[in-house]
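Have the viewer open while you go through it.

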Amino acid sequence: MPVTRRNFLKGALALAGSGMGGALSVPALMTLLPPPVVRCNSDEAYDTLLFKEREPGTWYEPLAGKVARKEDFALNQAAMVTWAPKELEQELGTCEIVLTLIKLPAEEAMIEWGISDDGGNAVMMAYHTYKCPHLCCKPVFMKEGLSSLSGGTYENMFLCPCHLSRFDPLSIVEATDELGRKVMVAELVEGPAPYGLPIVPIIERDGELIGRTDKLEWLKYCGQG
Ligand code: FES
């Protein structure tokens, strides 16, 4: 029988159910999946971060499809952007992913990974909101909120809507993923996620914000890569 994603997952789940694979979590099983067969058009690849289209009512709706620049953002303002470098297909088995780009008050740990702005008082940062490291939902940036887990209020955090994991974009720390790899993340504040939300390092080229592709291994979970 050929090893397809469907029969691989069926076999892996049967193994887990039999107890032999009981130590493996679902995310760990997902990372064992063979990569999906994808055929991306390399002529349509781009390494710039583009304001996401079809986001009615957002502040960036008039900029949809345009390359993001740091001057587009006010402090603590976030936007969803699409990113489709040609390396994505080989590394993650997909053609395009959606990230969240934010201008944040500068913290020292951010400088290496983001773009400094406002005389060094602010930094543009990109976060991998395409997949939560718990069970692969899509975390969203919240200006403010009330935690259903701890009861406290919070500001400017990522919240995963599925199981309420919360991540602090101002606290960039090194974490270890489920395969033992080192990953730079927005720190996990609460919730069941095994570690924080990975960042995507960015650079600036002629005023345009570009995603770096040298850390794509940080995004290899939930069956990607
Ligand atoms: S999928 Fe994000 S907390 Fe469960």
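## A hairpin to begin with

Start at the hairpin formed by strand 11 and strand 12: two residues sit between the strands, and Asp-206 adopts a positive phi near 50° there. This is a predicted model, by the way, so take that angle as computed from predicted coordinates.

If you want a pair to click on, Ile-203 has Ile-210 in strand 12 as its bridge partner.

## The chain overall

Zooming out, the protein chain has 225 residues, and 33% of them count as buried. Its secondary structure comes to three helices and 12 strands.

Strand 3 covers residues 97-105, and seven of its nine residues are buried, so the rest of the structure largely encloses it.

Strand 3 pairs with strand 2 (residues 78-84) in the antiparallel sense, over six bridges. Along that pairing, Thr-82 stands opposite Val-98 in strand 3. Strand 3 also pairs with strand 5 (residues 122-127), again antiparallel and over six bridges. Here Leu-104 faces Val-123 of strand 5 as its opposite number.

## The nonpolar core

In soluble globular proteins, nonpolar side chains tend to be buried together. In this model, the largest nonpolar core has 49 residues. Which residues have the most contacts inside it? They are Leu-49, Val-81, Leu-99, Leu-101, Met-125 and Ala-126.

Leaving out residues up to four places away in sequence, Met-125 touches Ile-102, Leu-104, Met-110, Trp-113, Gly-114, Pro-169 and Ile-199. Leu-104 on that list is also the residue standing opposite Val-123 in strand 5.

The mean pLDDT of the protein chain is 89, with 84% of its residues at 70 or more. Over residues 1-6, though, pLDDT is below 50, and the model gives this stretch six contacts beyond near neighbours in sequence.

Residues 15-22 are another stretch to flag: pLDDT stays under 50 there, and the model has seven contacts for them beyond four places in sequence.

Methods. Residues numbered from 1 in each chain as written. Predicted model: local features only at pLDDT ≥ 70, side-chain atom pairs only at ≥ 80, totals over all residues. Buried ≥ 20, exposed ≤ 12 C-beta atoms within 10 Å, placed from the backbone. Helix = DSSP H or I, 4+ residues; strand = E, 2+ residues; numbered from the N terminus. Pairing = 2+ DSSP bridges. Core = buried A, V, L, I, M, F, W, Y, C linked by C-beta atoms within 7 Å. Contact = placed C-beta atoms within 7 Å. pLDDT = per-residue confidence, 0-100.
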